[in-house]
Amino acid sequence: MCRWVAYRGRRRFLEDLIASPAHSLIDQSQCATEAKTATNGDGFGIAWYGEHNEPGHYRDILPAWSDDNLRSLARQIGSSLFLAHVRASTAGRTTRDNCHPFVHGRWSFMHNGQLGDFDRLERRLETRLDDALYAQRKGSTDSELLFLLALQFGLEDDPKAALEAALGFVLCEAISLGLRPLIRFTAALSDGQALHCVRYATDRHAPTLYSGTMCPLTGDGHCLVSEPFDEDTDRWSEIPSASFVTVSDGGVTVAPFAPSGQVQAIAV
């Protein structure tokens, strides 16, 4: 399982999220405590928003702990909205195109989890993409394909409905092939304005997701993380499974999340 951090709030430097905390994202790349494997060394990536509509974007295949360029950039890059990810591969080779976050126009997206039997589902899922979105697929991961499917199902207009439709489509295709549907899914995505996160699974093993502020006393900046940065239990709260979280100027909201067709999928 991968580990990731998403942040929206007062402008700060990236190192405050991925390098400085005791259990920072770089630390989690070597010794994650709430994942199947402690090491997440199959590449890393960051996306951040600045003066332009589209996000800045940097990815590499080196382990995050061994890339001095990442630490240097993190000390200099400041933003009010970040996505950062360290990868433990479950589908797709260790290439730059397979590292998260993925970007398309103003959107950025990163994922932790898996699609069961992805090798059998992949071709069927790809056929749902129109030609323009199919041409945007550069890598071979289930994560990138889920992002493109969400765009296909209307991400620009309604992120929650688009993700529910995308995962519902995956469930229905799995059933049509006679497969037992398995989705484990936590994801973060943004258009440079709001930050959205999802935690969901078809079984009881949804990947971990926590919510917290950079400073509990002032509520300064909001983080969604795979693992807390520290052991301050007053600072972090676990996001329930089947939840859709939005961080915006209006605050933090949590809504139920259920893929389209989920009831039919489970009933089969």
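In which loop is Pro 101 found? Pro 101 sits in the loop between strand 4 (78-86) and strand 5 (102-104). The peptide bond that leads from His 100 to Pro 101 is cis, and its omega is near -10°.

The model is predicted: local features need pLDDT of at least 70 and side-chain atom pairs count only at pLDDT 80 or more, while totals for chains, interfaces and linings use all residues. Residues are numbered from 1 along each chain as its sequence is written, and side-chain values use heavy atoms, with hydrogens and water left out.

**Overall form**

The protein has eight helices and 13 strands. Helices (H or I, at least four residues) and strands (E, at least two) are DSSP runs, numbered from the N terminus. The radius of gyration is 17 Å, close to the 18 Å that the globule rule gives for 268 residues, so the protein is as compact as a globular protein of that length. That radius is taken over C-alpha atoms, and the rule is 2.2 Å times the number of residues to the power 0.38. The C-alpha trace spans about 50 × 35 × 35 Å along its principal axes.

Of the 268 residues, 54% count as buried; buried means under 20% relative accessible area, exposed over 50%, and partly exposed in between (1.4 Å probe, protein chains only). The accessible surface comes to about 11,700 Å², and 47% of it belongs to carbon and sulfur atoms. These areas come from the Shrake-Rupley method with a 1.4 Å probe; for residues, only the protein chains shown count as cover. Among contacts (heavy atoms within 4.5 Å) between residues at least 6 apart in sequence, 65% join residues at least 24 apart.

**Nonpolar cores**

A nonpolar core is a set of buried Ala, Val, Leu, Ile, Met, Phe, Trp, Tyr and Cys residues joined through side-chain atoms within 4.5 Å. The largest one holds 34 residues, of which Leu 125, Leu 163 and Phe 185 touch the most other members. At least two residues of this core come from each of strand 6 (107-115), helix 4 (118-126), helix 6 (142-152), helix 7 (159-176), strand 7 (183-190) and strand 8 (195-201). Helix 7 gives the most, with eight residues. Apart from this core lies another, of 24 residues, among them Leu 17, Ile 26, Ala 64 and Ile 77.

Leu 163 lies in helix 7 and counts as buried at 3% relative accessibility. Neighbours within four places in sequence aside, Leu 163 is in contact with Phe 109, Ala 150, Phe 185, Leu 189, Val 198, Phe 244 and Phe 257. Its C-alpha atom is separated by 7.6 Å from that of Phe 153, ten residues apart along the chain. With the sequence neighbours within four places again left aside, the contacts of Leu 125 are Leu 115, Phe 118, Leu 145, Leu 149, Phe 169, Val 170 and Glu 173.

**Backbone exceptions**

Most residues other than glycine have a negative phi, and most peptide bonds are trans.
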